[in-house]
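Reader: I would like to learn how to read a few features in a model. Can you take me through them one at a time?

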Amino acid sequence: MKTMYGALALATLLGSAFGQAKLKIMPLGDSITEITCWRATVWDNLAAAGLTSRVQFVGSMTNNPQNCVAKTPGWDLHHEGHSGYLAINIANNNLQGWLASAKPDVVMFMLGTNDIAQQSKPTADITAAYTKMVGLMRASNPNMKIIIDTVIALPLAQAKVTELNNAIPGWARSQNTTASPIYISDCSTGYTSSMLRDGVHPNAQGDALIASRLSPVLIDVINKALTIAPSTTLSTAVVAPTARPQFGARL
């Protein structure tokens, strides 16, 4: 009898633990993540997909400088967007600590704008920073799911942005693994300078485009991660890579 009650208690405890576990998603980036409103729309899209009770955004920041309003009450403001930061500096100085604090299962990022705008860094330097970031993510969580956004329009240096975006599929393919797949969210195709409020940051139309491209990719990643067997943790879902990279799909 004691054994039966003990088993029931253990089952109840495990069921409660798994019921409370949430997939942790880190929105990572620069000011295009911090001082824009696309995150609110993405959260609304997660709510529409019935996922907000099972996920959370994580990061050391909860500011909302644009006073973004989501349709979903109490949308999750956590993020790791830092205005003015370069991908190179995040890789070398910041990301390891942020990952240790937040312990995400999914990282989605758009970075490279400041590397180009501030220091005219070559594509090879930026993708090298991406590679270092991926290594840090996988050191934090070997089963990390990674979403990289292509970089939105930057009229003052569009040629370099285009060069970087063209390099992202090949870079992602070279870094992709089965345990820790890399997905591409195509936020650049169709993104025009008219979608920028100041030549760098998205206006409402730009926010809407970013959210429309990122949301389906993120929802797909979440749904795959949440279909794991109940005897495992949320961080152990495996997504097999496809043979070639596709925008909005796993590699």
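This is a predicted model: local features need pLDDT of at least 70, side-chain atom pairs count only at pLDDT 80 or more; totals for chains, interfaces and linings use all residues.

Reader: How many disulfides does the structure hold?

Author: The general idea comes before the case. A disulfide is a covalent bond between the sulfur atoms of two cysteines. The structure holds one. It joins C37 to C68, with an S to S distance of 2.0 Å.

Reader: Which parts does the pair tie together?

Author: C37 sits in the loop between α2 (31-34) and α3 (38-48), and C68 in the loop between β2 (55-57) and β3 (80-81), so the bond links parts 31 residues apart in sequence.

Reader: Is the disulfide of C37 and C68 left-handed or right-handed?

Author: Read the torsion about the S-S bond. For C37 and C68 that torsion is about -85°, so the disulfide is left-handed.

Reader: Is C68 buried or exposed?

Author: Buried means under 20% relative accessible area. C68 has 6% relative accessibility, so C68 counts as buried. C187 is buried too, at 0%.

Reader: What span does helix α6 reach?

Author: Compare the reach with the expected span. Helix α6 (residues 123-140) has 18 residues and reaches 26 Å from first C-alpha to last, close to the expected 26 Å. Its buried residues include I126, Y130, M133 and M137.

Reader: Where does the kink in α8 lie?

Author: Start with the span. Helix α8 (residues 204-225) has 22 residues and reaches 31 Å, close to the expected 32 Å. A kink of about 30° lies at L214, shortly before the proline P216.

Reader: Which residue caps the N-terminal end of α8?

Author: N203 does. One of its side-chain oxygens lies 3.0 Å from the backbone nitrogen of Q205.

Notes:
Residues are numbered from 1 along each chain as its sequence is written. Side-chain values use heavy atoms; hydrogens and water are left out. Helices (H or I, at least four residues) and strands (E, at least two) are DSSP runs, numbered from the N terminus. The expected span of a helix is 1.5 Å times one less than its number of residues. The bend at a residue is the angle between axes fitted to the seven residues ending there and the seven starting there. A polar contact is a pair of N or O atoms within 3.5 Å; within protein, one must be able to donate a hydrogen and the other to accept it, and residues adjacent in sequence count only if both atoms are side-chain atoms. A disulfide is a pair of cysteine sulfur atoms within 2.5 Å. Buried means under 20% relative accessible area, exposed over 50%, partly exposed in between (1.4 Å probe, protein chains only).
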